[in-house]
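Here are my notes on the model you passed along, as numbered points. Keep the viewer open while you read.

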Amino acid sequence: MLCRLSVRWLRPRPTLAPAGGAKSSALPLWAVASVSAVGPSGAGGWYEALATSAPVQSAEDVLLFAHTASGLPWWGSILLTTVALRGAVTLPLAAYQHYILAKVENLQPEIKNIARHLNQEVAVRAHQLGWSKRVARLTYLKTMRRLVAELYVRDNCHPFKATVLVWIQLPMWIFMSIALRNFSTGAAHSEGFSVQEQLTTGGVLWFHDLTALDSTWILPVSVGVINLLIVEIFALQKLGKSRFQTYITHFVRAVSVLMIPIAATVPSSIALYWLCSSFMGLSQNLLLRSPRFRQLCRIPLTKLDSDTPYRDLLAAFHSKIISRKSRTF
């Protein structure tokens, strides 16, 4: 492959009043302002267009189907829908992501070997043709990109394929959140009954009213804690992170903390969905560390894989806590 060096330039529903007898929403004024802002003609801002879009209506239909088919109270229907979507959609995509990343990881020795030989070849050619350092560097980078791209095509593992999970999971999370907001604010009805009225008594434990905020902050704090756990688990399995990766990790940590006050300002139905989704994300992350599950998903072995991933994870957490204590004292 290297014996010959190429130097060529390389996307409205009408707003209905709550059914008679419905309990008035316990949400702050800003939370229902956008619903009343949509006039009979459907005119409104970008959020109103999104809240009445086909994907959000589909999310509402999924929630209503789960509630009707299961016969569960609304808190159980939200939990069931979250588990079903996570298990049927995001888990297979996450397994595919790990499959692609494992193949990319296994290409690294070959890529390093190519880089070493290419560097030597460019140096020889630069000396023969009198190239400047800039021309030699550009030639090396361009040729290296082409050779690496050929490897990705050969093994069918372009890193961009690993981002499919994000492009599916994030929109799904947004559509489900807006669908639950429509239910909680009375913006969505189904077959003559008010979902909002049902949600006022559809909760459990301390959050009986799913249209109200969680005044105890238990749901919001739980969302933030679980998201932080996911971030830390991801950070612990990345040894020798680059400065950019470190910045990204700090940014995601900040977003996880910021989710706490945000979750405290939305209906409990949404906070419950976020909590269930985050918990499933954590479980999914841990499951994909299991050697048996990875083998079942035909994820290639890499030199970073461990036979005792959970023991290693606990040891890494313990080591991180000890190192922080030693720096403190």
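In what order do the elements of the protein chain run from the N terminus on?

1. Overall layout. Starting at the N terminus, the order is α-α-α-α-α-α-β-β-α-α-α-α-α-α. That gives 12 helices and 2 strands in the protein chain. Bear in mind that this is a predicted model. The chain has 329 residues, and buried ones make up 40% of them.

2. The annotated spans. According to the UniProt record, an unreviewed entry, residues 164–183 and 217–235 carry the annotation "transmembrane region". How do these spans look in the model? Residues 164–183 are 100% helix and 0% strand, with the end C-alpha atoms 29 Å apart. For residues 217–235 the span is 95% helix and 0% strand, and the end C-alpha atoms lie 27 Å apart.

3. H4 against H5. Helix H4 covers residues 74–129 and helix H5 covers residues 133–155. Their axes come within 10 Å and cross at roughly 150°. An angle over 145 degrees counts as roughly antiparallel, so that is the label for H4 and H5. As for handedness, H4 passes H5 in a right-handed crossing. On the H4 side, the contact is made by Lys103, Val104, Leu107, Glu110, Ile111, Ile114, Ala115, Leu118, Asn119, Val122 and Ala126. H5 brings in Ala136, Tyr140, Thr143, Met144, Leu147, Val148, Leu151, Tyr152, Arg154 and Asp155. Sorted by class, the residues of this contact come out as 15 nonpolar, 2 polar and 4 charged.

4. H8 against H10. Are H8 and H10 roughly parallel or roughly antiparallel to each other? H8 packs with helix H10 (residues 268–287) at an angle of about 20°, and the axes are 9 Å apart. Angles under 35 degrees count as roughly parallel, so H8 and H10 are roughly parallel to each other. Their crossing is left-handed. From H8, the contact takes in Leu219, Ser222, Val223, Ile226, Asn227, Leu229, Ile230 and Ile233. From H10, the residues are Ser268, Ala271, Leu272, Trp274, Leu275, Ser278, Phe279, Gly281, Leu282, Asn285 and Leu286. By class, there are 13 nonpolar and 6 polar residues in the contact of H8 with H10, and no charged ones.

5. Three spots on H4. Which residues does glutamine 97 touch, not counting those up to four places away in sequence? They are Ala162 and Leu165. Glutamine 97 lies in helix H4, and its relative accessible area is 19%. Buried means under 20%, so glutamine 97 is buried. Valine 89 also has its place in helix H4, but this residue is partly exposed, with a relative accessible area of 26%. Leaving aside neighbours within four places in sequence, valine 89 is in contact with Ala84, Ile168 and Met172. C-alpha to C-alpha, valine 89 and leucine 165 are 9.0 Å apart in space, while in sequence they are 76 residues apart.

6. Backbone angles to look at. Most residues other than glycine have a negative phi. Where is leucine 205 found? Leucine 205 sits in the loop between helix H7 (195–199) and helix H8 (218–236). Its phi is near 55°, a positive value in a residue other than glycine. Leucine 205 counts as exposed, at 56% relative accessibility, since the cut-off for exposed is over 50%. Tryptophan 217 is found in the loop between H7 and H8 and has a phi near 65°, again positive in a residue other than glycine. With a relative accessible area of 40%, tryptophan 217 is partly exposed.

Note on methods:
Residues numbered from 1 in each chain as written. Predicted model: local features only at pLDDT ≥ 70, side-chain atom pairs only at ≥ 80, totals over all residues. Heavy atoms only, no water. Helix = DSSP H or I, 4+ residues; strand = E, 2+ residues; numbered from the N terminus. Buried < 20%, exposed > 50% of the residue type's maximum accessible area, 1.4 Å probe, protein only. UniProt positions renumbered as here; feature names shortened; annotations may be inferred. Axes fitted to C-alpha atoms, helices over the stretch in contact; angles between N-to-C directions. Parallel < 35°, antiparallel > 145°, perpendicular 65-115°, else oblique. Left-handed = near helix turned anticlockwise from the far one by under 90°. Contact = heavy atoms within 4.5 Å. Nonpolar A, V, L, I, M, F, W, Y, C, P; charged D, E, K, R; others polar.
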